[in-house]
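Work through the exercises below with the sequence and the coordinates open. Each task is followed by a stepwise solution.

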Amino acid sequence: MNKLTQRQIFVYIALLMILFCIPIYIIITNTQTLKDGEEFLFKVAAYDPYDMFRGNYLDISFEENQVYSYNPIKPNSEMNSSYYVKIGKKSDGFAYFQSISDTKPTETSSYYKTKAYYSRVNNTYTIETPTRYYMNEKKSLRAETIYQENIENAYVKIRVKDGKMVILGIYVNGILIDTIE
Amino acid sequence: MNNKEYNFLRLKLSELVNNSIISREQYVEADKHFYNYRKDKTSLVTIFTAIGVLLIALSIITVFAFNWDTIPKGVKVLISFIPLIITSVMMYRCIATKEDKISLYTSIFAPLSIIATNSLITQIFHIQMEIAEMFFISMVMFLPIVFILRNHMSLLIYGFCTIIYAMTINTFSGEDLTLLKTIFLALPLFIYNFINYVENKDSSKNMLMWLINTIILSIVLFSKEVLRPDVTIIYIYLLHLITIKLFEKENVISSVLRLMFILYLIISCISSDMLGYIEYMKFGTDTLILSLTAAIFIYLSKAYKDVKEIFILIFVLLIQYTKMDLELLFILINILTIAYGVYKIIDGNHKNVYGKVMQGVAIILILIMIRFMNSDLDFLSKSIMFLITGSSFIISANVIKKRLGGNINE
């Protein structure tokens with residue numbers, strides 16, 4: 001094999017940077033949120049669909065996913081852009097979306113940056129929340145059944161930091177759904 | 001003689017014509033003579049071996065996937081980088097040796113390894129990413145490889161990924177492709193042709209291809225509201241293939257029809273088990289434009305004499321317009337695709353045209369991949385199927401090699 005010329009080494013290093021930096025960046029940002037983010041519990045609804053590349057997952061939807069706002073906070077042309085949503089905790093320990101804004105909150109790092117859709121019918125924003133919880137294909141159907149049987153005691157544990165939300169796990173009666181046999 | 005040497009000879013021959021040393025007729029005769037000496041670097045044995053290795057690699061990956069739950073998170077992350085590390089080693093060899101064979105293997109392996117790594121990472125961390133978004137990130141990562149390798153295979157695979165991306169973004173995300181993304185997706189074609197033109201200034205072919213593509217992009221920019229962006233991208237790539245074919249020795253119209261047919265069949269296969277997409281395809285402008293283009297080509301060229309596939313194309317188009325049971329439609333399209341692939345392999349083998357055999361293999365392979373990935377089979381069954389199919393490709397490659405007496409380039 002020939003030795004690489006200086007130009008070829010430069011091209012090769014640039015290629016490695018592009019190939020590895022993107023996935024590593026994705027991993028680092030998620031790990032940071034998992035490590036330092038504030039923990040919240042949300043009630044969810046779930047069912048079991050399939051992704052052609054990543055196998056089975058539980059499709060989850062947050063029960064509390066709306067924030068009241070008398071008027072839309074952005075003009076129509078920017079309706080589909082990102083918003084900052086603050087998360088609060090109710091007396092029962094579960095979380096809810098407290099307020100929505102188009103500016104980054106400065107007093108806390110526990111906010112979630114996401115898209116939201118305004119409805120003039122009930123003057124609320126519907127917040128776009130995480131929808132996928134990947135599971136082993138052997139367990140996902142069983143997980144859906146367990147979930148349906150214990151719908152009142154099922155919730156998703158998440159961590160939030162600087163606009164990023166990462167799922168820790170779905171729990172039924174306090175037990176991680178992946179570990180239920 | 002490889003393609004570069006053949007092109008060099010053609011260049012020198014055209015210089016002789018320009019200097020009136022030989023006549024135009026003599027040039028054509030000499031060109032025909034040298035064309036026969038051109039050995040296809042992408043031989044059947046190489047392709048079969050590459051496909052075999054790829055399928056066995058997929059089999060190993062699916063075995064890991066089967067036991068995924070029991071593996072610790074850190075190890076999972078490390079495993080997800082293995083395909084990328086292999087691609088990096090292959091790319092090093094490509095840059096260092098410039099071997100056509102390694103370059104071909106890498107063109108096939110790299111996009112799959114990138115998609116595999118991204119899929120695994122998003123799965124491990126439950127990252128909220130739609131298929132379209134993941135495909136887009138994978139294509140951004142694959143783009144530099146396309147430019148470094150600069151072979152038709154990587155460009156075609158990029159084009160194929162582009163089409164899948166364009167289809168998924170409309171079908172699953174409910175979002176339209178933005179103009180910026182449309183340009184980005186079509187960009188490699190323009191840069192690719194432009195670099196080829198700059199590096200090989202005598203080649204009027206590259207210049208013409210570059211011009212044609214620029215015109216197409218301009219049309220796209222102005223006709224965004226007329227055609228759906230995903231369909232437009234399909235046409236950009238289709239027209240690019242046509243421009244390549246324009247300069248080959250085959251009947252251009254026949255080639256265009258064949259390419260149209262293969263592309264449409266693949267799209268139908270992917271979409272045939274997606275209820276929403278069938279509805280979308282049935283009444284879409286793409287079906288209408290394809291039917292019209294096919295009709296014009298048939299009328300102008302009487303190509304139906306050469307291209308029997310046109311009858312199957314019309315059949316596929318017609319059944320998509322009927323209110324046929326969706327399951328039956330799914331089975332029919334898949335059977336048609338397998339039959340067409342097998343026909344290509346047998347016909348190519350009979351006529352000793354390995355290009356045809358390769359087309360047949362590619363069609364069947366794409367179908368296998370689509371069906372395996374999109375089926376409800378568990379990972380262990382998928383792994384066994386990949387292993388069996390991969391091994392049969394390698395065994396076939398060895399049988400062919402032995403029959404050819406080791407002369408794998410023939």
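**Exercise 1.** Determine how many helices and strands chain B has, and what share of its residues is buried.

Solution. Chain B has 17 helices and zero strands, where helices (H or I, at least four residues) and strands (E, at least two) are DSSP runs numbered from the N terminus. Of the 410 residues in chain B, 34% are buried; a residue is buried if 20 or more other C-beta atoms lie within 10 Å of its own, exposed if 12 or fewer, and partly exposed in between, with C-beta atoms placed from the backbone.

This is a predicted model, in which local features need pLDDT of at least 70 and side-chain atom pairs count only at pLDDT 80 or more, while totals for chains, interfaces and linings use all residues. Residues are numbered from 1 along each chain as its sequence is written, and chains are lettered from A and ligands numbered from 1 in the order in which they are written.

**Exercise 2.** Describe the packing of helix 1 of chain A on helix 6 of chain B.

Solution. Step one is the geometry: helix 1 (residues 6-36) of chain A and helix 6 (residues 131-149) of chain B pack at about 165 degrees, with their axes 9 Å apart. Axes are lines fitted to C-alpha atoms, for helices over the stretch in contact, and angles run from 0 to 180 degrees between N-to-C directions. Step two is the class: the two helices are therefore roughly antiparallel, the term for angles over 145 degrees.

Step three is the contact, which counts residues whose C-beta atoms, placed from the backbone, lie within 7 Å. Helix 1 of chain A contributes A:Val11, A:Leu15, A:Ile18, A:Leu19 and A:Ile22, and helix 6 of chain B contributes B:Ile137, B:Met141, B:Pro144 and B:Ile148.

**Exercise 3.** Give the strand order of the open five-stranded sheet in chain A, and name its edge strands.

Solution. The order is 4-8-7-5-6, with antiparallel pairing; two strands pair if DSSP finds at least two bridges between them. Strand 4 (66-68) and strand 6 (95-101) of chain A are the edges, each pairing on one side only. From one strand to the next, the twist averages 45 degrees. Strand 4 of chain A meets strand 8 (residues 124-127) of chain A over three bridges, and A:Val67 has A:Tyr125 as its bridge partner.

**Exercise 4.** Characterise the hairpin of strands 10 and 11 in chain A.

Solution. Eight bridges join strand 10 of chain A to the antiparallel strand 11 (residues 164-172) of chain A, with A:Val156 opposite A:Ile170. Two residues lie between the strands, and A:Asp162 in the turn has a positive phi of about 45 degrees. In strand 10 (residues 154-161) of chain A, six of the eight residues are buried.

How values were computed. Angles under 35 degrees count as roughly parallel, over 145 as roughly antiparallel, 65 to 115 as roughly perpendicular and the rest as oblique. Two residues are in contact if their C-beta atoms, placed from the backbone, lie within 7 Å.
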